[in-house]
Amino acid sequence: MKVLVVGAGARENAICDSLKDDVDLYTYISKKNPGISKISKYTIGDEGDLDKVADFAKENNIEIAVIGPESPLGKGIVDKLEEVGVKCVGPCQSAARIETDKSFMRNLFEKYNIPGSLTYKVFDNTKDLNEFLDSYDKQVVVKPVGLTGGKGVKIVGDHLKNNEEAKEYASEVIDNVMGGFAQVIIEERVIGEEYTIQAFCDGEHLAPMPAAQDHPHAFEGDQGAITGGMGSYSDKGGLLPFLSQSDYDESVEIMKKVIKAIAKEAKPYKGILYGQFMLSNEGPRLIEFNARFGDPEAMNVLPLMDTKMIDVCKAIVDGTLDKVEFKDLASVCKYIVPDGYPNTKYAGESIEVDEDKINELGAKVFYASVSEENGEIKLSGSRALGIVAQGENISEAEKIAEEACKYVKGNVYHRRDVGTDALVEKRVNHMNEIRNN
């Protein structure tokens, strides 16, 4: 079967790796990704040029396309590919609004009385915004309505000192039409531990994956700017050390209700639904949805799949999705980034990656925002590659991943604390404190 994967990052590298042994693999990528290019028949082009992607798919008789990034989904790549007879693992443009339009997502919760939502308001002018924040005495989260690559959210008590700074940033979001909307969402800040549950969806049925926890802060100890994610872990049993089975099940039920609501408001949702939750003293609260795999969380769960990825893809497009099986192991992903990230001066420099040594340790490399030029791997200003390892527990997987990071040489950095016993214990203790208050 001929399968096309669209996207050039580590998430897409992991998707390709999960498919490569069972399909005739094609890729449409914005630049030459060293991991993707060696396992697929690739072409380099603009992933957002929907006509060209559709032409490529048609010329190569592609049967199923798997869409990696959110931007093409928001532009309607699935609708375009389906016009030329290509079935897709990814939601159509109207269903992808669950990520591309955060006000659409929150309105679904209100209209269909779905539990787990946050108190929120959407503003399109600074007068109403300022009046609200002057009268609101709790800490808030400021979010652009549209897509900002995971880097537009700012939190009072973390990135912003108080609601006065929240007013300034929210005005900036509106004035600069950040994310493509002259609007901003103000949400209540919920205290707890964040976690991710991703699920395969065929429009009606939902097959959840193991939970994972991302580490979005750039520096160790959860310091620095919120980035696209510096690493993540998942645990044996599909839960997390602070997440119970009932918490997980409640989160999945929220996702099931959302899938039903999307089908009523748009079209049936086919693809991957990513739920980012906060576990609070009131249970799971939904932070946001993404319309595709997470990056880095895809790298945790895809290598754990026991069910073949191509079989899951077929079931999604055919509407016959059932339970998906995963290995009962823990995993840790650590992201290698240029030194100084997110404000690096090393873009364009070469790095050395000893894949053989990394593989010998039982770890994997998934390439992200790098390019391959004349056999050299070149940094960009963004995340370079993910190192992923599995183990009988998080601690074992972390030690393998950390050892593997030594085989990436250059002006690079990674958060050594991701997945460590100390950081996991910190998460558990934090959640215990919240539950006891």
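Helices α8 and α9 run roughly antiparallel to each other. Please keep in mind that this is a predicted model. How do we get to that description? Two packed helices are described by the angle between their axes and the distance between the axes. Here, α8 covers residues 126-135, and it packs against α9 at an angle of about 160°, with the two axes 10 Å apart. Angles over 145 degrees count as roughly antiparallel, and therefore the pair gets that name. The crossing of α8 past α9 is right-handed.

Which residues make the contact? From α8 come Thr-126, Leu-129, Asn-130, Leu-133 and Asp-134, while α9 brings Asn-163, Glu-164, Ala-166, Lys-167, Ala-170, Ser-171 and Ile-174. Sorted by class, this contact holds 5 nonpolar, 4 polar and 3 charged residues.

Now let us turn to the sheet. Its 4 strands are arranged in the order β6-β9-β7-β8, with antiparallel pairing, and the sheet is open. The edges are taken by β6 (120-123) and β8 (154-155); each has a single partner strand, so one side of each has no neighbour in the sheet. As background, strands of a sheet pair through backbone hydrogen bonds, either parallel or antiparallel. For a detailed example, take β7, residues 140-144: this strand pairs with β8 in the antiparallel sense over 2 bridges. Within that pairing, Val-141 stands opposite Ile-155 of β8. Helix α9, residues 163-175, packs on this sheet and touches β6, β7, β8 and β9 (184-188), and its direction makes about 10° with that of β7. In this part of the model, then, α9 has contacts with α8 and also with the sheet.

Is Asn-374 buried or exposed? Its relative accessible area is 84%, and exposed means over 50%, so Asn-374 counts as exposed.

Strand β22 also pairs with β19, in the antiparallel sense over 2 bridges, and there Ser-350 stands opposite Lys-378 of β22. The two faces of β22 can be told apart too: Ile-377 and Leu-379 are on the covered face, whereas Glu-376 and Lys-378 are on the uncovered one.

Asn-61 also has a positive phi, near 55°. This residue sits in the loop between α3 (50-59) and β4 (64-67). At 52% relative accessibility, Asn-61 counts as exposed.

A loop residue can also be buried. Asp-295 lies in the loop between β17 (283-290) and α11 (297-301), yet its relative accessible area of 13% makes it buried. Setting aside neighbours within four places in sequence, Asp-295 is in contact with Ala-10, Arg-11, Gly-228, Tyr-335 and Arg-383.

Methods. Residues are numbered from 1 along each chain as its sequence is written. This is a predicted model: local features need pLDDT of at least 70, side-chain atom pairs count only at pLDDT 80 or more; totals for chains, interfaces and linings use all residues. Side-chain values use heavy atoms; hydrogens and water are left out. Two strands pair if DSSP finds at least two bridges between them. Contact means heavy atoms within 4.5 Å. Axes are lines fitted to C-alpha atoms, for helices over the stretch in contact, and angles run from 0 to 180 degrees between N-to-C directions. Angles under 35 degrees count as roughly parallel, over 145 as roughly antiparallel, 65 to 115 as roughly perpendicular and the rest as oblique. A crossing is left-handed if the near helix is turned anticlockwise from the far one by less than a right angle, and right-handed if clockwise. Ala, Val, Leu, Ile, Met, Phe, Trp, Tyr, Cys and Pro count as nonpolar, Asp, Glu, Lys and Arg as charged, and the others, Gly among them, as polar. Buried means under 20% relative accessible area, exposed over 50%, partly exposed in between (1.4 Å probe, protein chains only).
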